[in-house]
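Have the sequence and structure open as you read.

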Amino acid sequence: MVAKNDCSYLITGRYDVRVDASCRVRIPSGWYAAMGKPAHVRLVSDPQERCLDLVAPDVFDEWLSQAKCESGQRELAEEFERESVLLRVGAGRRITLPSHLREHAGIRDTCALLGVARMIKLWNPNALMRETILDSPLLNDILSELEKKS
């Protein structure tokens with residue numbers, strides 16, 4: 001699901017996708033369109049969870065500039081930038097997952113893609129609970145309110 005508001009987009013939901021023999025996964029078409037169909041995306045290991053964060057380059061740059069402005073966050077932001085990987089989006093909206101990042105998230109044959117605001121989180125499906133907050137009535141109410149305002 002993709003919800004639009006005045007300044008951005010919200011990606012929500014879950015897709016379980018196959019990791020092919022070349023270690024590629026496909027970005028869902030609606031999510032990719034909402035991200036602006038970028039030629040490249042940024043992928044980084046999540047510093048707080050055992051998953052990966054995938055964002056459009058403009059969102060990543062926005063995060064970095066905000067973090068660099070916050071007191072004491074400059075070094076952390078620079079480390080986050082160094083550890084991120086710029087990936088080309090290939091034919092069929094496929095990206096190749098680097099081995100060190102797959103290992104961090106424990107991703108093997110399948111990958112759970114979770115839409116969380118303006119990012120896509122990549123998880124080992126076995127590491128997630130089947131019931132997530134993304135399916136909660138509260139989130140649906142929030143999204144409905146955002147859609148009414150746009």
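## The surroundings of aspartate 53

In this predicted model, aspartate 53 has contacts with Arg42, Leu43, Val44, Asp46, Met119, Ile120 and Lys121, once neighbours within four places in sequence are set aside. Aspartate 53 itself lies in strand β5, which covers residues 52-55.

Is aspartate 53 buried or exposed? Its relative accessibility is 5%, and buried means under 20%, so aspartate 53 counts as buried. The side chain of aspartate 53 also has a polar partner: a polar contact of 3.0 Å links it to the side chain of lysine 121.

As a bit of background, nonpolar side chains tend to be buried together in soluble globular proteins. Here, the largest nonpolar core has 35 residues, and the members touching the most others are Ile95, Ile120 and Leu122.

Leaving out residues up to four places away in sequence, isoleucine 95 touches Cys23, Arg24, Val25, Ile27, Val41, Leu54, Leu87, Arg88 and Val89.

## Helices α2 and α3

Helix α2 (residues 57-69) and helix α3 (residues 74-83) have axes that come within 8 Å and cross at roughly 155°. Angles over 145 degrees count as roughly antiparallel, so α2 is roughly antiparallel to α3. The crossing of α2 past α3 is left-handed.

Which residues make this contact? From α2 come Phe60, Trp63, Leu64, Ala67 and Lys68, while α3 supplies Arg74, Ala77, Glu78, Phe80 and Glu81.

Key:
Residues are numbered from 1 along each chain as its sequence is written. This is a predicted model: local features need pLDDT of at least 70, side-chain atom pairs count only at pLDDT 80 or more; totals for chains, interfaces and linings use all residues. Side-chain values use heavy atoms; hydrogens and water are left out. Helices (H or I, at least four residues) and strands (E, at least two) are DSSP runs, numbered from the N terminus. Buried means under 20% relative accessible area, exposed over 50%, partly exposed in between (1.4 Å probe, protein chains only). A polar contact is a pair of N or O atoms within 3.5 Å; within protein, one must be able to donate a hydrogen and the other to accept it, and residues adjacent in sequence count only if both atoms are side-chain atoms. Contact means heavy atoms within 4.5 Å. A nonpolar core is a set of buried Ala, Val, Leu, Ile, Met, Phe, Trp, Tyr and Cys residues joined through side-chain atoms within 4.5 Å. Axes are lines fitted to C-alpha atoms, for helices over the stretch in contact, and angles run from 0 to 180 degrees between N-to-C directions. Angles under 35 degrees count as roughly parallel, over 145 as roughly antiparallel, 65 to 115 as roughly perpendicular and the rest as oblique. A crossing is left-handed if the near helix is turned anticlockwise from the far one by less than a right angle, and right-handed if clockwise.
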